[in-house]
Amino acid sequence: MASQQVDQQKGIDLAIVLAAGEGTRMKSSLAKVLHTIAGKTIIHHVLDAVTPVAKELSIVVGAHREAVEAHLSEIAPSAKLVHQAERNGTGHAVQLALADTSISGSVLVVAGDTPLLRTSTLREFIEAHVELESVASVLTAVLPDPFGYGRIVRDELGAIVRIVEERDADDDQKLIDEINTGVYIFDIDALRDASKKLTAENSQGELYLTDVISLIKGSGKVSVAIQSNDFTETLGINDRSQLADCAGIMRDRINDEHMRSGVSIIDPLTTWIDSTVQISADVTILPGTALHGSTKIASEALIGPRTTLTNVKVAQGAVIIESRATDAEIGAGASVGPFSFIRPGTHLAANSKVGAYVEIKSSTIGEGSKVPHLTYVGDATIGKGTNIGAATIFVNYDGVEKHQTVVGDHVRVGSDTMLVAPVTIGDGAYTAAGSIITEDVPAGAIGVARAKQRNVLGWVLRRRSGTKSEQAAREAGATD
Ligand code: UD1
Ligand code: CA
């Protein structure tokens, strides 16, 4: 029953996504559709928009085929992949996809390089296509700068006549600001017929999918151009500058959504949040902050400024200032930073504190424990209520292997202690400042592991005579 309901939402029988192009204008060794925006590849965004409206999915791949197919097998395992060995144009790509299917009904064609497209826009487009009883529909948009796009040529009555590419357009056609978004719906049989008639008589010597519109119209069937009202959705990415433009639009969209759901974003222009990140209401995000991957932030947390979190779970009321964290958990009310580096496998329990210039990896800091200053903690378990003195180093690496350190509850590790792992500090124990601890310290003991101090009286007066130190010492009453 549930799946039937979903299927009713899927008004399109087959969606063809074109992703075989070289992406030459990107000047990249990475396939164009594999470049990322807001934590997802360009093609992933396109599939997110298309999948909810289409029963079947075919994706045409070619350039950088191995990498693109490997990615698609992860994000769209049930899609059919069609190989376009020779890139003979968008029309050729669609011919191959059609040759590979016997589906009848409606087909949606979308370019794999328009990541801002929304499912809701596709639904409106489908609705218009059905209402107008169209056989071939193209989604258009009016752009402030239409350069590079196919232009929509309409007749005196406003009906679409054909689409002309930038490179084939004359001066008058170049002035047209209504463009082809590269999103179409066809009756699949009409598309099949028309696509057989495509020729490569154009400046690029390719089969243009855009020509099927005039071919179908020429055969007396209904062809329509439907204008979308948000042109930003239909922007295609051909080069790095367009990649940055689209990323900026996506950033604004994501930030707007969070702000509407109660997140305070102080400077949306410098706040970059992946589409995969979850943030609760009443979180505050300060400028220059980037949140990536599966990061999830609970209410009343304060993040930033200039903080980067990747796959980090932040509990309620935690504060992370000017820091970087990856694959970590930050407990409720915990505080981090400024200037700390929280590496994978770190778990900070509730109300713990990690202060300035602290690096932590693969370690647990217990409830209410503090690592306030200039410290490295690696491969350690620290209990609750413990304080790690400034400039403590957990010496976890013997040059070959990593070893564990265990520090109990309510321990006081003196400043500048070296805890040479493997080593255990018992509950309630102390270490003396400056100690190099190589043996376990039992509960309640103090570990002292440093040279005993001796003072050589008058040394400065004898060996540094004539210096300001000597003078100061004499003024303080020091004598030989
Ligand atoms: C295309 C349209 C143009 C439209 C624009 C919208 C044509 C001829 N032109 O131009 O009217 O305004 O999209 O963004 O269709 N591809 C293949 N196989 C190929 C060639 C391309 O799969 O042989 C794929 C590309 O990977 C890309 C999509 O088709 O995802 C569009 O190709 P692209 O070269 O970017 O076309 P545009 O010049 O942008
Ligand atoms: Ca394009």
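How many residue pairs are in polar contact across the interface of domain 1 and domain 2? In this predicted model, local features need pLDDT of at least 70, side-chain atom pairs count only at pLDDT 80 or more, and totals for chains, interfaces and linings use all residues. Residues are numbered from 1 along each chain as its sequence is written, and side-chain values use heavy atoms, with hydrogens and water left out.

The protein chain is assigned domain 1 (2-234) and domain 2 (256-447), the bounds coming from an automatic or database domain assignment. The centres of the two domains, taken over C-alpha atoms, are separated by 48 Å. Four residues from domain 1 and four residues from domain 2 take part in the contact, where contact means heavy atoms within 4.5 Å. About 260 Å² is buried between domain 1 and domain 2, and carbon and sulfur atoms give 51% of this area; buried area is the accessible area (1.4 Å probe) that two parts lose on being put together, summed over both. Ala38, Gly39 and Lys40 supply 90% of the area that domain 1 buries against domain 2. Two residue pairs are in polar contact across this interface, both at pLDDT 80 or more. A polar contact is a pair of N or O atoms within 3.5 Å; within protein, one must be able to donate a hydrogen and the other to accept it, and residues adjacent in sequence count only if both atoms are side-chain atoms. The count of salt bridges between the domains is zero; a salt bridge places a side-chain nitrogen of Lys or Arg within 4 Å of a carboxyl oxygen of Asp or Glu.

By the salt-bridge rule, the count comes to 16. Lysine 55 and aspartate 13 form one salt bridge, their closest N and O atoms being 3.3 Å apart. This pair links strand 4 (residues 54-61) with strand 1 (residues 12-19), its members being 42 residues apart; strands (E, at least two residues) and helices (H or I, at least four) are DSSP runs, numbered from the N terminus. Arginine 151 and glutamate 166 also meet in a salt bridge (2.7 Å, N to O), and both are buried, that is, under 20% relative accessible area, with exposed over 50% and partly exposed in between (1.4 Å probe, protein chains only).

Helix 2 (residues 42-50) has eight of its nine residues buried, among them Ile43 and His44. Histidine 71, in helix 3 (residues 65-75), counts as buried because its relative accessibility is 17%. Beyond its neighbours within four places in sequence, histidine 71 is in contact with Leu34, Thr41, Ile43 and His44.

Key. Chains lettered and ligands numbered in written order.
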